[in-house]
Amino acid sequence: MNKYLNFINGEWREASSGESVPVTNPATGEVIGMVVQSTQEDVDAAVQSAKLAQKSWRLVPAPKRAEILYKVAYLLQERKEELSQTLTQEMGKVISEARGEVQEAIDMAYYMAGEGRRLFGDTVPSELQNKFAMSVRVPIGIAGLITPWNFPIAIASWKSLPALVSGNAVVWKPATETPAVAQGFVKIYEDAGLPKGLVNLVNGSGSVVGNAMVEHPDIDLISFTGSNEVGKQINERAGALLKRTSLEMGGKNAVTVLEDADLDLAVDGILWGAFGTSGQRCTASSRIIVHEKVKAELERKLVERIGELKLGNGLDETVNVGPVINRSSLERIDEYVKIGQAEGAKLLVGGRIATENGLNQGNFYAPTIFTDVTPDMRIAKEEIFGPVLSIIEVKSLEEAIEVNNSVEFGLSSAIFTADVNRAFQAMNDLDTGIVYVNAGTTGAEIHLPFGGTKGTGNGHRDSGVAALDVYTEWKSIYVDYSGKLQRAQIDNN
Ligand code: UN1
């Protein structure tokens with residue numbers, strides 16, 4: 001039986017509690033390993049080792065730090081297939097998507113390695129003669145990373161790589177559901193020759209390990225991706241300690257389909273965005289906002305095509321939709337479907353736990369579409385995190401934008417239209433951190449900022465160059481080479 005350990009100060013270790021919990025394959029219900037459950041004591045040990053390691057790491061020139069990141073990229077590439085298989089086994093997403101996710105980590109490693117030779121600051125003219133002015137990025141210290149199970153390696157790469165290239169050390173708590181991929185990623189840091197103590201892996205629960213990280217005086221920032229509820233708690237606790245937080249939380253992403261859209265293309269985008277990863281992406285499409293003139297035709301095409309989606313174990317290359325993460329998630333999704341029906345939405349297709357052909361061994365939900373949904377219904381407002389889509393009818397672009405923006409989240413949105421003017425209108429008015437034109441709501445690329453407005457985040461971004469703002473402080477430096485006292489704002493006015 002596999003046992004997933006902690007990695008602290010360059011050593012693979014048991015947790016101080018001596019306890020562990022099972023890790024289950026969501027497609028088959030099989031236990032694939034045990035993951036250790038850490039305590040405050042393990043977090044303290046991880047922080048201590050991170051602190052010591054960071055003291056010298058901050059002095060290593062960034063291009064040298066980046067050389068290790070390039071090795072991380074090569075090793076990720078070498079182990080791509082192995083990591084993808086592991087990912088599918090413990091998280092459930094279909095193998096082609098698992099490969100895509102590992103690719104996202106590879107892309108991020110190359111991109112952040114490149115930052116080792118940039119990490120740009122500004123050089124600006126001083127207002128005084130014989131004085132030089134510039135700003136540089138400096139590391140913050142120790143970054144505490146708390147990551148979810150739905151993108152266990154991509155999101156960990158978005159956070160750990162910029163933290164490291166800019167000179168920080170990392171204490172990482174992965175999701176309890178996905179310790180094998182976390183172990184595989186940390187092993188790569190180890191094999192790439194990252195000095196010991198710079199990346200520490202502490203497995204365990206949010207309530208014990210997560211809290212201990214948030215409250216630890218020597219962890220300088222927390223970067224979290226997960227639920228809104230937990231994000232808010234983290235922000236409150238960390239806020240009282242004046243600790244920086246970068247929070248990436250829920251979504252209730254909508255695809256708008258206007259009457260001039262290419263409907264077949266829209267159907268492709270919708271099916272991929274809503275049922276890829278079984279709807280368990282923060283970016284998943286969970287609402288369709290469709291113009292009344294094309295609603296019936298879009299629905300007909302969606303129902304026809306949804307029948308082609310094959311449910312099953314993601315390791316089977318012919319499967320399109322894998323399981324959801326666990327039993328309680330499956331039950332929560334089913335509960336939302338009942339809520340939708342009680343609210344008066346019309347179930348077009350799906351709406352049941354799938355049990356045929358051995359699917360009852362895992363946690364499978366039939367791809368589900370509701371229509372005649374109104375924006376005030378709970379299924380149109382709350383994040384379901386499963387393969388459930390709600391169709392809302394509108395009469396104009398203006399109304400579509402209003403409906404799109406009416407939810408408490410603001411991660412991603414999409415519009416299908418052939419009209420360039422209306423596309424630009426939408427780009428301007430859709431209140432989300434990510435906007436797609438003629439594509440679904442998923443599929444962000446790593447060199448652009450990832451994050452959202454309103455209840456989705458707190459203004460920070462993962463990935464892209466914007467990620468560096470999370471892991472660095474600005475230091476403004478003035479060099480006066482005039483040899484005399486020059487008083488800014490006084491001697492030159
Ligand atoms: C997430 O769902 O939390 O844009 C991340 C996407 C992926 C990342 C999703 N590149 O859909």
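How many residue pairs are in polar contact between domain 1 and domain 2? In this predicted model, local features require pLDDT of at least 70 and side-chain atom pairs count only at pLDDT 80 or more, while totals for chains, interfaces and linings use all residues. Residues are numbered from 1 along each chain as its sequence is written, and side-chain values use heavy atoms, with hydrogens and water left out.

The domain assignment, which is automatic or taken from a database, divides the chain into domain 1 (2-249 + 457-477) and domain 2 (253-437), whose C-alpha centres lie 31 Å apart. Contact, defined as heavy atoms within 4.5 Å, links 23 residues of domain 1 with 27 residues of domain 2. The two domains bury about 2,000 Å² between them, 60% of it on carbon and sulfur atoms, where buried area is the accessible area (1.4 Å probe) that two parts lose on being put together, summed over both.

The count of residue pairs in polar contact between domain 1 and domain 2, both residues at pLDDT 80 or more, is 6; such a contact is a pair of N or O atoms within 3.5 Å, in which, within protein, one must be able to donate a hydrogen and the other to accept it, and residues adjacent in sequence count only if both atoms are side-chain atoms. On the side of domain 1 that touches domain 2, helix 3 (80-91) and helix 4 (95-115) each supply at least two residues, the helices being DSSP runs (H or I, at least four residues) numbered from the N terminus. Helix 3 gives the most to this side, with 5 residues.
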